[in-house]
Amino acid sequence: MAASAVRGAVALRTSVSRPVAFVRKIPWTAASSELREHFAQFGHVRKCTVPFDKETGFHRGMGWIQFSSEEELQNALQQENHILDGVKVNIFLYNIMSFLCISLVGQKYGMTRTLGDL
Amino acid sequence: MAALLRPARWLLQAGADPRLPLSLRLLAGGLSRPHAAPCLPAARAGPVAGGLLNQARLYAVAVEKKNYLQEEPASSHRRNASHFDWALTRLDNSVRRTGRIPKTLLQKVFDTTCHSGSPGGNQALLLLRSCGSLLPELQVSERTEFAHRIWDKLQKLGTVYDVSHYNALLKVYLQNEHKFSPTDFLAKMEEANIQPNRVTYQRLIAAYCNVGDIEGASKILGFMKTKDLPVTEAVFSALVTGHARAGDIENAENILTVMKDAGIEPGPDTYLALLNAYAEKGDIDRVKQTLEKVEKSDLYFMDRDLFQIIFSFSKAGYSQYVPEILEKITYERRYIPDAMNLILLLVTEKLEDTAFQILLACPVSREDSLSDFGSFFLRHCVTMNTPAEKLKDYCKKLKESQMHTSPLQFTLQSALLANKTDLAKALMKALKEEGFPVRTHYFWPLLAGHQKKKDVQGIVEVLKAMHEMGVSPDQETYVNYVFPSFDSARSVRAVLQENGCLPESNVFSQAELRSEAVNGNLAYILSFLESNTQPLSFASLRGSLSLGFRRSMDINLWSKITELLYKDGRYCQEPPGPTEAVGYFLYNLIDSMSDSEVQAKEERLRQYFHQLKEMNIKIPENIYRGIRNLLDSYHVPELIKDVNTLVEREKIDSRKTTQLPSSLLESTLEKLQAENQPIGDVLKQLILALCSEENMQKALELKAKYESDMVVGGYAALINLCCRHDNAEDALNLKQELDDLGAALEVAIDCHAKYKVLPRIHDILCKLIDKGETDLIQKAMNFVSQEQGEMTMLYDLFFAFLQTGNYKEAKKIIETPGIRARSTRLQWFCDRCISSNQVEILEKLVELTQKLFECDRDQLYYSLLKLYKINGDWQRADAVWNKMQEENIIPRAKTLRLLAEILRNSNQEVPFDVPELWYEGEKHSLNSSSPSRAESNIQKDLLNACQQKKSKDAYATFLKAQKQNIVLNSETYSSLIKLLLEKDSFLEAVQVKEFAETHIKGFTLNDAANSLLIITQVRRDYLKEALTTLKTALDLEQIPSRIAVTRLIQAYALKGDVESIQAIQKMVDGLEHSIGLSSMVFINNTALAQIKNNNIDVAIENIENMLTSENQTVEPQYFGLAYLFRKVIEEQLEPAVEKISIMAERLANQFAVYKPVTDLFLQLLDSGKVDDARALLQRCGAIAEQTSIFLVFCIRSSRRPGKASTLKSLLELIPELIEKEEAYTSVMKSYVLDKDAVSAKALYEYLTARNIKLNDLFLKRYAVLLKNAGEPVPFTEPPESFEFYAKQLKESRENPL
């Protein structure tokens, strides 16, 4: 447990400096391609992850978008409403605080891996 | 008429004064109302959110107070109490928001309650009360079953039931229309020695009335009369229902007159009972008349009452009258949860059309287009198997009425979650018809469901359905949800072809490639790439490739594949060309790995880069720079040099560089200096440029030349560069050159980089704050935040502000959203305040943390009291006592004792009962009525002896009780058995167990006792019995302790009993995580058992297979075989030692798996076979590089005495280890344990000679060792306790979580 927490934290350290947005409340109907399509209006999306739970076949409503630059990320963050499939999604700067929140949920779902993968 | 008048006459006679006291009437009405229709929405039925939960809350407080005096340690009450609060909040929130409790939530609360130890009475009450109308989604029979399950389980766990629990159970029966015998129920209560009260009788009357049994109801009324209990409106209302259900509506109506005669005005409840009676008969006219009559009176019906009438009509088959009642509903917002409850209940009763009518009538705001209403209805319809056509119709209407924006999608999700394939298909078709997209991942839940059941046919059906719907599966679909159920991708291809749904695109091949990559099968990937004829873009392969690389250890294949991509015309010849494409691939590969992974694979990556260089593969300069930054941030700067050799040199100049070249900067610098202008900025840029060019020599020269103009940033880069080039000396010199505050910060930061501790950051911060150095504070905070996490940073800042008296700023910090209590850090600061007697600061700390999330207030007040005690300040201590009450904190016993001590010392009166150290308090709380005095005394004596661990006394008491034929409760026996086992009194323990089993029905040992029993049985070599105990425990769904299971496995291993080990593995399958059992335990012991059976080759082959196959269950770096090695060496199984040694070396040399050989090396050392260890090291030099394994070994060894010589030998063989903090700290600890002052001295001198900064804990240990040996301490001994420094060290290392 401690080891995985450290690994998660380490993964965080490397990804925290990157222009990454964390998206929550993604409707189940949307997957990474829908997310990518939506956020492409703000800049070049380098990476877009919406991890699925292979046990259930559903995702957990969270995803990460890595932009090419900080400005593009800011563009996305500045828009107030992001609507995906008619549902408002929440977008956050992916920083330590959000990491803390996610890691709480993540422990429950074993999601520390996804953080490392980003 | 006679039947009616009998009870009525009683009532008239009941009291000389026919008018019951008003207070009693109100009380009775509030406590319980009977129900005409027992299976009602949450509504009147009693456990309405507020009512129930508020009562429960009051109850909880009372219980906590009582428990406080009981024998268990205070922490367990706190745990119970906080668990109760948690459960209460969860259930309360659910009811308030949705009018119900979902079954899963109740189950969860139930499970955690069971796991929390012995659940208290309040917890039981909360759970029981939730099993009635608050579960509208369950059939009534299921609800009662649930209640019984809870009842039995909690009883088994030792919960003591009182009359409130029996009443709660009765309520559940009423709400669930459960048929039961009231007399049996009373008998059961009597058996349990519990007196029924007024509420019990009222509910029993209601139970009789619900089945129309006036006779029975009258009997109970008789009881009530003899006991002189008041008869309330609730009883009359029940009688209304009773007569109506007995088919005598006239007498039901007459009850109202009788009531009035008895001086009780019929209230809404009585009228409601009557209305429900009419509704059950379908008599809309009388319903309307009565409603009008009530409207004209000063009585008032709430929406929830009307909902009951609706339910009565519907249930009785008169749903045609529902609209007429609906008209009368006012739709107050607060009744929405009640409406939801009714809707769900109707769906459960298969009256979904009526439910939908009510749903549509609900007044939800339709302006906000983003909020949906009705999901709960759709979901429950899906659960209850409502036909697809109906659901589609509901969806359409919900959408038209703008109640729900995406009802079809939601229903589909519910169908998928419930794995209802046919419904899902129908809904997807409907979506398509409506013009919505049907996406690939919609099918994944269905596939996942079939996959779980290994239902190949089901999977094919889904793929066919996808095909029909024109949705083509993508790579992920195949890799994640299709392939795992088949033997091979090839067989999937065949099946798809057979069914005509093999895609024409190359998606399938790519998926095949990916799935091989997942398994690390690079040989397949290479041959695929060689023989592939389809056009495949490099970009589409990249992800699979880096995944495959990471999962394979065959560096030759890494290189071959890279070479193929680089040189083969098919892959990346198009612009931007192979240099860029492969360079980018390398970047991505390293980027996709975590830093620990890169560190672990450093050697392999080096080999890879070397091979690429041999193959003449080049990468562009700019990509190299990216890779360099990555490696730098991963703390593997040594690899940078190896990547650097791949850079395409001739193109350097043609590429744009963002940095100015160093030569240009140098001339600018000279120019500026000649003009006598400030050069700081340019100097820094130049140093940075030189550092990025890895030109250390030049950078150092420059620094020497312009020493006075150097800025901190320049130093930092330089120190970094020196570290990278292994130039520790210059790095250290550089640090010493810095002597101002900024420098102190730099040193601290650099120290962190080297030793992973941040020395004196608190002091530095305080000084920075004092001097107002905002830039430097910012810098320090950025650093701390980055290295140790934002939370650590916030605490550092908080403490620094407090320390410097900046309370306003401190307040801001501690109010940061998301911050939570970190007990060790708070304790650290408290201790600091106490030792330096800073009263005001500590008071401020306590004040400012009042609202801090998860803050242990009692602990903080305890610290404050400690300080007051030092100062003899009883007035402030007394004020603390008041403040704690104000904050509603329940003090721990130790806090109360400390407070009492302070007051007594100042000759003040102590205003509370001081909890004694022993459990005297038991006297007060023992229930005098239940067990006899003798019994309770014996029980108390026995428990007392158990608590004091006096096993002989306890056992003697048991024998005494046995003689007197006194049977104690099961908890007492469990405690005794546990104690006897702990003291290794096995036979006595067995005797007690047998007695308990024969005298208490269903007596079982708890988890801990069973685990101890296993350990004892193993110790006595009763392995068969131990295995049986394990099985019993597992059958009881207990979680045995890790140590018990491990001991048993180990014992079987030494017997060579492979089968039993495998049997255990099967038994605990799925529980490994809960037990904390590593699969290595099985691997080690199975191998040992095989070796014991002379099957050495089989054992070795198995291990090798596990480590070299593509489907590794355990990562090689965690594949610890130390136990096996130790046992084999200990047992002197020479041929096995030899073969194992060969295996370990082979794994290291051929597969680059170093963990086993290193473990073997260490075990040889540990067994004193230093020569063998040295020989092994000489044969396999890579062992010396396994630093992390060594450090773990050092730390573990230092915990046991007598390991100093082992550690010494280790350091002799691997001398570079001594510089590692973990190593020298452990060695010192070992010397201290073995009282070896001479060696300790040598170590200390060696370390100080090398200028290694030693932490306080180390110094403290050394100082104490010297003092005990009567030698002088050559430095100031750190003043605090070991504990303090250990905590401090831990704190500073704590990861950012």
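## Annotated repeats in chain B

The unreviewed UniProt entry annotates "repeat: PPR" at residues 197–231, 232–266 and 857–891 of chain B. The model itself is predicted.

Residues 197–231 of chain B are 74% helix and 0% strand. Their end C-alpha atoms lie 12 Å apart. Residues 232–266 of chain B are likewise 74% helix and 0% strand. Here the end C-alpha atoms are 10 Å apart.

## Chain B overall

Chain B holds 73 helices and 0 strands. It has 1297 residues, and 53% of them count as buried.

Take the contacts in chain B with a separation of 6 or more: residues 24 or more positions apart account for 68% of them.

## The sheet in chain A

Chain A contains an open sheet of 5 strands. The strand order is 2-5-1-7-6, with antiparallel pairing. Strand 2 (45–49) and strand 6 (82–84) of chain A stand at the edges. Each has a single partner strand, so one side of each lacks a neighbour in the sheet. Ignoring direction, neighbouring strands of this sheet are turned by 30° against each other on average.

Strand 6 of chain A pairs with strand 7 (residues 87–93) of chain A in the antiparallel sense, over 3 bridges. Opposite Leu84(A) stands Val87(A), in strand 7 of chain A.

## A helix across the sheet

Helix 2 (residues 32–39) of chain A lies across strand 1 (20–24), strand 2, strand 5 (63–67), strand 6 and strand 7 of chain A. Helix 2 of chain A runs at about 145° to strand 2 of chain A.

Technical notes: Residues numbered from 1 in each chain as written. Chains lettered and ligands numbered in written order. Predicted model: local features only at pLDDT ≥ 70, side-chain atom pairs only at ≥ 80, totals over all residues. Heavy atoms only, no water. UniProt positions renumbered as here; feature names shortened; annotations may be inferred. Helix = DSSP H or I, 4+ residues; strand = E, 2+ residues; numbered from the N terminus. Buried < 20%, exposed > 50% of the residue type's maximum accessible area, 1.4 Å probe, protein only. Contact = heavy atoms within 4.5 Å. Pairing = 2+ DSSP bridges. Axes fitted to C-alpha atoms, helices over the stretch in contact; angles between N-to-C directions.
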